[in-house]
There are 2 protein chains.
Amino acid sequence: MNELIEKMIAPVFANPALLKAHDGSVVNVQSKKIAMTTDSYVIHPLFFPGGDIGSLAVHGTVNDLAMCGAKPLYMSVGFILEEGLPMETLWQVIRSIKEAAQKSGIQIVTGDTKVVDKGKADGIFINTTGVGAVEHKLDISPQSVKKGDAIILSGDIGRHGIAIMAVREGLEFETKIESDSAPLWNPIKDLLKKNIRIHCLRDLTRGGLASALVEISKKANVAIQIDERAIPVREDVKGACEILGFDPLYVANEGRFICFVDGKEKDAVLKILGKSASLIGTVMDSKTSKVTLKSFIGTTRIVDMLSGDQLPRIC
Amino acid sequence: MNELIEKMIAPVFANPALLKAHDGSVVNVQSKKIAMTTDSYVIHPLFFPGGDIGSLAVHGTVNDLAMCGAKPLYMSVGFILEEGLPMETLWQVIRSIKEAAQKSGIQIVTGDTKVVDKGKADGIFINTTGVGAVEHKLDISPQSVKKGDAIILSGDIGRHGIAIMAVREGLEFETKIESDSAPLWNPIKDLLKKNIRIHCLRDLTRGGLASALVEISKKANVAIQIDERAIPVREDVKGACEILGFDPLYVANEGRFICFVDGKEKDAVLKILGKSASLIGTVMDSKTSKVTLKSFIGTTRIVDMLSGDQLPRIC
């Protein structure tokens, strides 16, 4: 679908905001800069360890705004419901949306509900669109990424995807793996408040860390080198990935991001983000866009977009 | 669903913007007023005389903003696609969205596409969210409706619903009935430019003219009297309604609105809106909210919300 969107839809709607191909768009309203982002949530199952479709939709919206460096302000919620959906299920999701929105400091200001016949949808689909205020003067986008930039990862990866797969496949692990789904505006706000000159931000959703890095390397036309030993993956997640045949680098997260800053600012960023964050790589002096990974055993390999099927309906 | 939304969802998300229960919400971003509105489109069939799901989604968004008196600026488009959807169908819809957006003067700035398994959706669902700029100081809402207000209807009613039903039921009428689907910002812009002090605006979508009037009468706690003879319904639409057992007052429109203004301004409004517009009623001196209709034969009856099934998937 990523390819489909890039090749088919975006050029048709071509405009400067869309062509930046970021998580959201930054546009002007009466000379004020606002960010706008949209996502549909079709996750299956609706409930999973660490969250549900409702909290996920709120976090996804907040995070896409945060990745533009925008303060989340308002969001819409559009439900498409399948006839016959138990009311209790809808209630649970609604309560979860409310709670997540309150915790994330975003206001739900408009909504819509459509019901379709049984068999014409799958329980609940949710579309959310977020609007945020851009109060900084930075150009937070792949275009700002430069040679010498440090790449900082905000926490351990792979938990959301594995949590979903575990429920879907009925797998039991020794420890319960919970999704990392969480709002990310607070750490970004802290970075902006301390005047960190952020070059680029990206949350690591569909396609995981690897796809985010490859996409940014392509857009920015830079080479990126990362160090596998610096990327935190929990032991149980690592084990589950081995069993399921996944590479944690490609597994979706819903509460993790990477931040590109000038190498000189890396210590300040690490200090602000706290001990869960780690420096995982740098932007190299090269004219070719590529991502290389130094593995645990010291070898180097190219990291590419996942070809073929990604995990469907992970968000 | 209207009841479900009112009784269940809105109170949970209670905030002043949502509680106004308008087509969209007006909120502040850095002291500038913006309007925000969302809708999902699940219309069946995807293509119909006078439009398709794509143009409908754009017009719906533009119109909900226009009904807040907001200049449409930006919109998001979220697709939920059913696996196996013919590419040509998607292309047609995308082209239609592009064309309708260009004609309506709204920019598509962000988008999302999700694909679900065959049988888990129905071809194409679209969610659009619009953002517009509020550049006037009026409070355009049911709360501003007052005794003595004139109610002006922008054109003939009933075409969208009948066009859909005709395709769905395979009916052939002597003349082809095309949907009235159209963007409504231009007439509203003209009213604002001429300093008409608009009290309330409402487009006549699901539930038609009758439901819009009943809803406004309830919110504003006023009695409304309308005159059936003043409401334009095309002869072929009237005939189709008779065959299908519909009352044109309840049939959905996608390019018609009503405007409440002080009685003294009615002639100015009629002049600006042109010859398709008509004065259909007034707000009465009464403390009970109700809508009464003076019929063709001179009798008076109460107009109520449609109880039971409305036409499903009409938008």
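I began with one ion pair, and found that the side chains of A:Asp39 and B:Lys114 meet in a salt bridge, with 3.3 Å from N to O. The model I am reading is predicted.

I then looked up which elements of chain B build its side of this interface. At least two residues each come from α1 (2–12), α2 (16–19), β1 (25–29), β2 (32–41), β5 (70–82), α4 (87–104), β6 (107–116) and β7 (124–134) of chain B. The largest share, 10 residues, belongs to β6(B). Sorting the side of chain B that touches chain A by class, I noted 36 nonpolar, 17 polar and 13 charged residues.

**Entry: extent of the A–B interface**

I checked how many residues take part. On chain B, 66 residues are in contact with 66 residues of chain A. The area buried between the two chains is about 5,700 Å², and carbon and sulfur atoms give 70% of that area.

I next asked how many salt bridges are counted between chain B and chain A. The count is six, and the pair A:Asp39 and B:Lys114 meets in a salt bridge.

**Entry: domains of chain A**

I turned to chain A by itself. Its domain assignment gives domain 1 (2–134) and domain 2 (142–303). I noted that the C-alpha centres of these two domains lie 22 Å apart.

In contact terms, 24 residues of domain 1 of chain A meet 25 residues of domain 2 of chain A. The area buried between these domains is about 2,100 Å², with 60% given by carbon and sulfur atoms. I looked up which residues of domain 1 lose the most area to domain 2, and they are A:Pro49, A:Asn63 and A:Met67, together 27% of what that side buries.

**Entry: polar pairs and elements between the domains**

I searched for salt bridges between domain 1 and domain 2 of chain A, and the count is zero. Polar contacts are present across this interface: I recorded seven residue pairs, both residues at pLDDT 80 or more.

On the side of domain 1 of chain A that touches domain 2, α1 (2–12), β3 (47–48), α3 (53–66) and β5 (70–82) of chain A each supply at least two residues. I noted that α3(A) gives the most, with six residues. By class, this side of domain 1 of chain A divides into 12 nonpolar, eight polar and four charged residues.

Technical notes:
Residues are numbered from 1 along each chain as its sequence is written. Chains are lettered from A and ligands numbered from 1 in the order in which they are written. Side-chain values use heavy atoms; hydrogens and water are left out. Contact means heavy atoms within 4.5 Å. Buried area is the accessible area (1.4 Å probe) that two parts lose on being put together, summed over both. A salt bridge is a side-chain nitrogen of Lys or Arg within 4 Å of a carboxyl oxygen of Asp or Glu. Helices (H or I, at least four residues) and strands (E, at least two) are DSSP runs, numbered from the N terminus. Ala, Val, Leu, Ile, Met, Phe, Trp, Tyr, Cys and Pro count as nonpolar, Asp, Glu, Lys and Arg as charged, and the others, Gly among them, as polar. Domain bounds come from an automatic or database domain assignment. A polar contact is a pair of N or O atoms within 3.5 Å; within protein, one must be able to donate a hydrogen and the other to accept it, and residues adjacent in sequence count only if both atoms are side-chain atoms.
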